[in-house]
Amino acid sequence: MSAKVADLLWEMLANAGVKRCYGIVGDALNPVVDALRRNAKIELIHVRHEEYGVFAAVAEAYLTGNPVAVCGTAGPGVVHLFNGLMDARKEGAPIIAIAGDVETSLIDTEALEELNPYKFFEAASLYTGRLVNPEQARSIINTAILTAVLEKGPTVISIPGDIASADVADHSAEITIPNPPLLRPSDADLNQLVKMIDDAKTVAIFGGDGCRDAHDEVVQLADKLKAPVGYSFRGKQWLEHDNPNAVGMTGLLGYGGAYGAIHEAELLLMLGTDFPFTEFLPGHRVKKVQIDKDPKHIGRRTAVDLGLVGDIKPTVTALLKSVSDKKDDKFLNKHVKDTNSFHDLLQHYVEKGPEIKPIRPEFLAATLSNLAADDAMFFADTGTACIWLARHITGGRNRRLFGSFSWASMANAAPNAFGAQLAYPGRQTIALCGDGGFTMLALGDLLTQVERKTPVVQIILNNGSLDFVNIEQQEAGIIPFGVAFKNPNFAKVAEAMGAKGIRIEQPGDVRDGIAEALAHKTGPVVVDAVVDPFALSLPSHVPFHTAKGFTLSMAKQVWGGKMDEVIKTIERNVRLV
Ligand SMILES: Cc1ncc(C[n+]2csc(CCOP(=O)(O)OP(=O)(O)O)c2C)c(N)n1
């Protein structure tokens with residue numbers, strides 16, 4: 001049998017290092033998966049929802065750095081890929097989406113399930129190729145793979161079924177992926193930066209995901225400059241551990257002395273960060289230098305005095321050779337001290353946790369952090385899970401913390417953890433799920449985990465509400481609305497689906513329940529943790545409008561006859577942090 005376009009596709013993807021393709025088959029994709037079966041080098045991960053497959057692929061691709069494929073068939077199947085592909089774009093994950101397409105004879109006729117892939121994927125995809133002729137195949141597949149890997153994001157190959165099963169003339173499946181070059185600013189720019197650093201009395205550092213491979217260099221620079229180091233959510237896992245100068249996060253999830261440090265320094269070095277919340281970054285009173293390998297990031301969140309294009313590791317390595325040591329550590333000590341005091345405040349609900357019912361999420365998360373392995377991988381749903389992950393899960397050199405931090409979609413954590421477990425079998429993968437998030441997407445594919453016996457630990461923060469939005473609404477000064485719902489007993493649901501289910505209602509059962517979940521290695525576990533829906537968290541820096549909004553919302557709730565809820569909110573958060 002002569003090789004088909006679909007054979008070439010899988011051969012090239014396998015040669016590029018793709019190990020898995022997550023998705024759902026059907027019509028246009030049937031010849032594509034038939035070729036996948038013949039190829040056998042790439043595993044089809046048959047999921048129950050295409051979006052779940054993409055979130056799994058995003059975690060695998062982000063964590064391993066290898067490209068991962070996803071697939072969905074023409075029309076509705078393709079549409080289900082979209083949210084995950086946006087996530088891949090924002091989180092920087094190399095994903096190649098194989099999108100089923102209508103037969104070439106039907107293109108542009110508004111046929112059943114027809115969708116214009118160029119228009120549809122425009123916002124998400126870094127490159128979209130539509131295969132309408134077998135002669136294009138090698139070139140389009142090559143471009144889709146290289147763009148995804150080198151630009152770190154999603155690309156799409158749209159394949160009509162008739163082209164997938166057409167003979168291919170050129171069957172050269174070799175693919176060469178060059179290693180990304182090392183980027184470093186020019187000597188002139190570096191000299192200017194060295195002068196700015198040497199002239200500044202106090203320097204603070206604020207780092208993001210761009211510091212991924214540069215922990216040791218940034219820590220050395222901070223030590224040399226007596227600079228406190230703050231970080232974005234994406235930077236936390238790379239910069240917080242083994243760093244005596246770490247001062248926490250700024251932003252709405254913020255904690256520690258980060259906000260103060262970056263606002264009070266004479267010079268701020270922003271390293272590999274595109275942190276989006278301008279109101280938590282300093283304005284013109286602080287001199288700012290931003291270094292990023294993506295020139296588009298420079299100056300877009302706050303105006304900077306100097307912008308340098310470069311990878312953080314080689315740039316900081318070059319700086320280390322040229323900047324002078326600073327001797328005065330008063331500024332650093334002040335902000336480290338603030339960080340330690342804030343940490344003590346954060347411990348309040350952790351220490352009191354065993355006696356407080358309903359269970360405080362702070363206590364649950366801190367207990368999980370203590371019991372989990374040193375190389376555990378944690379994933380948080382967008383929602384309050386992110387707050388508890390940021391504040392109470394301790395990172396480490398080999399621990400990973402991931403979520404939809406830049407796209408902020410709900411329901412990412414369980415599929416993220418599933419993808420991570422497939423990529424790193426046997427390593428603890430733990431999803432902190434919202435009850436809204438879990439019922440939105442994770443429930444159906446719990447069956448996939450059961451079938452595959454994938455040991456993923458899913459901990460549901462069962463608070464009976466879209467709690468993050470509940471808090472958001474109060475911050476905006478409005479009465480919470482459209483956020484409450486009723487849940488089943490998730491542990492029983494999980495058991496009925498063939499997973500292990502553990503329900504925790506008593507604070508005294510938290511430790512044993514989590515330990516039991518972490519010890520379960522033969523398949524998925526769902527921990528249904530009934531937590532306090534009134535648990536609030538405020539950032540270390542509270543913007544005026546947030547405080548005002550809360551007060552206004554409380555007043556409106558009292559006037560609206562919800563006095564009992566106001567009392568509970570106050571009663572259960574007297575030590576607001
Ligand atoms: C797909 C999607 N829909 C809606 C939102 C807006 N949103 C952000 S957090 C959130 C609430 C999440 O609720 P839940 O999963 O129950 O977690 P909780 O905050 O209660 O811990 C919502 C609705 C979103 N980010 N993504």
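Predicted model: local features only at pLDDT ≥ 70, side-chain atom pairs only at ≥ 80, totals over all residues.
Me: Are the planes of Phe438 and Phe490 stacked or edge-to-face?
Reply: Their ring centres lie 5.9 Å apart, and the planes meet at 80°. Planes over 60 degrees apart count as edge-to-face. The angle of 80° therefore makes the Phe438 and Phe490 pair edge-to-face.

Me: How many residues apart in sequence are the parts that this pair ties together?
Reply: Phe438 belongs to helix 18 (residues 435–452). Phe490 belongs to helix 20 (residues 490–496), so the parts tied together by the pair are apart in sequence by 52 residues.

Me: How many aromatic pairs does the structure hold?
Reply: One of them joins Tyr52 and Phe418, a tilted pair with 5.8 Å centre to centre and 45° between the planes. Tyr52 sits in helix 3 and Phe418 in helix 17, so this pair links parts 366 residues apart in sequence. Tyr52 has a relative accessible area of 0%, and Phe418 also comes out at 0%. For the structure, the number of aromatic pairs is 12.

Me: Which residue has its charged end over the ring of Tyr62?
Reply: Tyr62 forms one aromatic cluster with Phe233, Phe379, Phe402 and Phe405. Over the ring of Tyr62, 4.5 Å from its centre, sits the charged end of Arg212.

Methods: Residues numbered from 1 in each chain as written. Heavy atoms only, no water. Phe/Tyr/Trp six-rings, centres within 6.5 Å; stacked < 30°, edge-to-face > 60°. Helix = DSSP H or I, 4+ residues; strand = E, 2+ residues; numbered from the N terminus. Buried < 20%, exposed > 50% of the residue type's maximum accessible area, 1.4 Å probe, protein only. Lys NZ or Arg CZ within 6 Å of the ring centre and 35° of its normal.
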